[in-house]
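Me: Could you walk me through how to read this model, feature by feature? I would like the general idea, then the case here.

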Amino acid sequence: MLPSETLLHAAVFALTVLQALASDTFIAAVYEHSVILPDVTEEPVSPDDALALMNKNMDILEGAIKAAAQQGAHIIVTPEDGIYGWRFTREAIYPYLEDIPDPAVNWIPCTDPTRFAPAAVQERLSCMARNNSIYVVANIGDKKVCNSSDPSCPSDGRYQYNTAVVFDPEGKLVARYHKYHLFRGETQFNYPKEPEAVTFETPFGKFGIFTCFDILFREPAVVLVNELQVDTVLFPTAWMNVLPFLSAIEFHSAWAMGMGVNLLSANTHNIGFAMTGHGLFTPKGPAAYHYDSRTEEGHLLLAELSSHPHLSPTYPPAINWSLHATSVKKFPGGNDTFSAAVRRDIFTFIELRSKAGNCTVCQGDLCCYLMYQMSNKSEDEVYVLGAFDGLHGSLIKYHWQICTLLKCKSTDLNTCGQPVETAKTKFEMFSLSGTFGTNYVFPEVLYSGVQLAPGEFEVLRDGRLKSKHATLKPLLTATLFGRFYDKDLPHPLRNPQ
């Protein structure tokens with residue numbers, strides 16, 4: 001790069017920093033990417049073929065990054081698996097991996113590409129950030145050589161990690177995070193030996209980063225927010241939507257509200273795998289979100305967010321999630337309960353047989369209380385109040401406490417808890433609370449068509465999830481989703497193979 005170009009870039013970068021410092025807000029972007037996938041093969045392709053596939057995806061990502069920068073974005077998050085997809089064996093993914101150094105090395109791949117060669121992907125991402133004066137967050141694969149002196153070293157002599165990287169507006173590598181909680185099927189990757197808590201400072205707040213399944217666990221998610229006090233979490237994900245509680249926009253918005261931080265959620269888009277839903281979520285609800293289960297197109301979102309949301313005068317107050325529920329007597333109806341499965345979790349339910357009323361349902365240490373009034377009860381729709389207090393998961397087991405008002409798939413009570421996307425019944429009001437044993441509770445309200453309800457509900461300081469007025473659309477679920485980290489089973493031993 002010529003000296004004049006270097007000076008020009010330094011001036012642009014300094015101006016960007018000054019603009020960010022002059023405001024208590026920043027503009028963030030997330031991109032939901034319809035990934036070009038490689039052919040399924042158990043044999044590794046050549047490094048040139050691997051790079052050609054990754055360049056096709058990076059061409060699309062570069063277009064989104066340029067568009068975001070032109071609209072004033074300071075940072076953009078791109079999805080997990082966004083550069084090469086996910087259809088790999090351990091051997092087949094190897095040509096797609098690069099050795100990603102510790103950010104402490106102070107490296108700008110765009111201007112010094114041979115320092116840690118080969119690093120074609122890191123070089124291109126770095127140049128995208130540098131050429132557009134924007135922070136770029138991407139998901140790539142890291143490889144680390146190991147040997148027999150390391151008892152955990154895999155037999156092929158290397159660790160392979162699902163890795164999130166961040167490049168600053170100069171193109172410098174400022175963060176590297178190895179995913180700790182691998183979802184089933186990610187056998188191409190290893191777990192790091194210890195969970196990582198990765199943060200970095202920007203002119204517009206303190207940022208933390210983790211990937212997809214990590215959001216459901218104390219380490220790293222809760223550690224970043226409660227112990228390291230980040231303002232904003234960067235969240236590349238490949239989230240497969242699972243109704244009624246774990247669709248992407250539903251849970252990610254609820255998590256940002258429950259944890260009191262910004263969450264920049266960028267999802268992979270593949271409707272065949274039920275992957276869609278991304279957004280810019282805040283402690284007060286979604287600033288922007290998008291859910292598209294019909295087309296195969298990518299989508300760019302931008303929004304202006306508070307740099308330090310916890311300093312805002314409108315920051316939500318602390319909530320005692322069990323205060324109201326532990327102070328009321330049980331509503332009638334506790335003897336009319338039945339059991340049904342939400343996936344593999346057996347909930348205790350009670351049917352809402354009237355258009356209005358109060359009811360209680362309990363399971364384990366959790367009792368859930370509901371006051372409600374329907375506007376236009378549809379005769380072919382059944383709603384229930386449900387409770388679940390127990391371990392969820394197969395290999396990795398973690399504890400949930402859930403209180404939910406939900407629509408059943410049909411009038412057959414055995415379908416209660418099965419996925420459903422549409423409804424016809426609206427509510428004049430609802431108020432939901434529970435005797436939670438945890439302070440980590442995430443409020444969800446989901447409308448027909450898998451749409452959020454920003455500004456239409458509130459959480460009172462005594463733990464009630466309450467509608468502000470009649471629901472504007474038919475209701476799918478209103479849920480208090482609790483994570484009881486203290487009851488989680490010990491993490492299973494991780495096999496590096």
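**Reading the model**

Reply: Gladly, starting with the record: the unreviewed UniProt entry annotates residues 35-307 as "domain: CN hydrolase". UniProt positions follow the numbering used here, feature names are shortened, and annotations may be inferred rather than shown by experiment. Over residues 35-307 the chain is 22% helix and 26% strand, and the end C-alpha atoms are 31 Å apart. Helices (H or I, at least four residues) and strands (E, at least two) are DSSP runs, numbered from the N terminus. This is a predicted model, where local features need pLDDT of at least 70 and side-chain atom pairs count only at pLDDT 80 or more, while totals for chains, interfaces and linings use all residues. Residues are numbered from 1 along each chain as its sequence is written, and side-chain values use heavy atoms, with hydrogens and water left out.

Me: Where is confidence lowest, and where is it highest?

Reply: The score is pLDDT, the predictor's confidence in each residue, from 0 to 100. Where pLDDT is low, the predicted coordinates should not be read in detail. The protein chain averages 93, and 93% of the residues score at least 70. Helix α1 (residues 3-21) has the lowest mean, 52, whereas strand β2 (residues 75-77) has the highest, at 99.

Me: Which residues are joined by cis peptide bonds?

Reply: Most residues other than glycine have a negative phi, and most peptide bonds are trans. Here a cis bond joins A117 and P118, with omega about -5°, and P118 lies in the loop between β2 and α3 (120-132). Another cis bond joins L243 and P244, with omega about 15°; P244 is in the loop between β8 (232-237) and α5 (248-259).

Me: And which residues have a positive phi?

Reply: Among them is S133, with phi near 50°, in the loop between α3 and β3 (135-145). S133 is buried, at a relative accessible area of 12%. Buried means under 20% relative accessible area, exposed over 50%, and partly exposed in between (1.4 Å probe, protein chains only). A274 has a positive phi of about 60° and is partly exposed, at 34%. Just after α4, Q229 takes a positive phi of about 55°.

Me: What covers the buried residues of α4?

Reply: The buried residues of α4 (residues 218-227) are P220, A221, V222, V223, L224 and V225. Their cover includes β5 (173-178), β6 (198-202), β7 (205-209), β8 and α5.

Me: How is the area buried between domain 1 and domain 2 read?

Reply: The size of an interface is often given as the accessible area lost when the parts come together. The loss is computed with a 1.4 Å probe and summed over both parts. The assignment, automatic or from a database, gives domain 1 (22-311) and domain 2 (322-487). Contact (heavy atoms within 4.5 Å) takes 28 residues from domain 1 and 29 residues from domain 2. About 2,500 Å² is buried between the domains, with carbon and sulfur atoms giving 72%. The count of salt bridges between domain 1 and domain 2 is zero.

Me: How many salt bridges are there by this rule?

Reply: The rule asks for a side-chain nitrogen of Lys or Arg within 4 Å of a carboxyl oxygen of Asp or Glu. The count comes to 15. One of them pairs D59 with R124 at 2.5 Å, N to O. This pair links helix α2 (residues 47-70) to helix α3, 65 residues apart. D59 is partly exposed at 46%, while R124 is buried at 19%. D59, E62 and R124 are linked in a network of salt bridges.

How values were computed
Buried area = accessible area lost by both parts, 1.4 Å probe.
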